[in-house]
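Here are my notes on the model you sent. Please read them with the structure open.

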Amino acid sequence: MSARDDILARVRAAVINDGGRLADAVAAQAPVARAYRTTGEHSPGSPEAIEILVDRLVDYRAIVHRAATDAELARIVGELLAEARSVVVPPGVPREWTGALTDGTDVVRDSREDPRSAAELDEVDAVLTGSRLAVADTGTIVLDGEDDQGRRAITLVPDLHVCVVRTEHVVHLLPEAVTILAAHPTRPQTWISGPSATSDIELARVEGVHGPRTLHVILLG
């Protein structure tokens, strides 16, 4: 018997013969002190939080745009997708966001009730979604499956993702985001930190392997 097998055997025996004492001991322990910050010094949507988010996104090779109104956002979307043959859009995306698309761009609707297959999504050039929130400190955008974000598949298959982040939904620290997301713990979450990228043992970066190769982020507000 190896040392590993011996240790695991002892653990199994202890659990079996414990008689519930281990669970009682764990329950009796004092709460673990949480010394980390739960809120940042920058309030949600503040210029300081936005500046940090933009810095992180650019460092991750995302392309950041600013829009003050829905009309300005629609213009940016139209410019970004001017050469796209098709774009998949979840049901909750406001129709004015796609109002400036050219006649040559086909808008593909996708919903849980009427989902596109992976093969169909693979034929789509781009995806346009909203987002639940963004974390400035980590440069992370979170989608949680709301109607303006859609199914996870639509943001994983197309090669280009245009993601709209409302500035009031930008929080400074990760614990703030977790608190907000905890209100709906069963929603499927997608955490995005820049375009999809990976690297091999020689640190050669390859983009687009596990998701969109290009990420455009439009900060609205």
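What radius of gyration does the protein have, and what would a compact globule of 221 residues have?

1. The model is predicted. The protein has a radius of gyration of 22 Å, whereas a compact globule of 221 residues would have one near 17 Å. The C-alpha trace spans about 70 × 45 × 40 Å along its principal axes.

2. Next, the fold. Six helices and twelve strands make up the secondary structure. Take the contacts with a separation of 6 or more: 70% of them join residues 24 or more positions apart.

3. Burial and surface. Of the 221 residues, 38% count as buried. The accessible surface comes to about 12,500 Å². Carbon and sulfur atoms hold 53% of that surface.

4. Charge. The protein carries 22 positive and 34 negative side chains. The centres of the two sets lie 6 Å apart.

5. Look at helix α4, residues 70-80. Its buried residues are Leu73, Ala74, Ile76, Val77 and Gly78. They pack against four strands: β1 (63-67), β4 (126-129), β7 (160-166) and β12 (214-220).

6. Now Thr105. This residue sits in the loop between β2 (86-89) and β3 (106-109). Is Thr105 buried or exposed? Thr105 counts as buried because its relative accessibility is 8%, and the cut-off for buried is under 20%.

7. What does the side chain of Thr105 reach? It comes to 3.5 Å from the backbone oxygen of Leu81. Leaving aside neighbours within four places in sequence, Thr105 is in contact with Leu81, Ala82, Ala84, Arg85, Ser86 and Val87.

Methods. Residues are numbered from 1 along each chain as its sequence is written. This is a predicted model: local features need pLDDT of at least 70, side-chain atom pairs count only at pLDDT 80 or more; totals for chains, interfaces and linings use all residues. Side-chain values use heavy atoms; hydrogens and water are left out. Buried means under 20% relative accessible area, exposed over 50%, partly exposed in between (1.4 Å probe, protein chains only). Helices (H or I, at least four residues) and strands (E, at least two) are DSSP runs, numbered from the N terminus. Contact means heavy atoms within 4.5 Å. A polar contact is a pair of N or O atoms within 3.5 Å; within protein, one must be able to donate a hydrogen and the other to accept it, and residues adjacent in sequence count only if both atoms are side-chain atoms. The radius of gyration is taken over C-alpha atoms; the globule rule is 2.2 Å times the number of residues to the power 0.38. Accessible areas come from the Shrake-Rupley method with a 1.4 Å probe; for residues, only the protein chains shown count as cover. Lys and Arg count as positive and Asp and Glu as negative; His and the chain ends are not counted. The place of a charge is taken as NZ of Lys, CZ of Arg, CG of Asp or CD of Glu.
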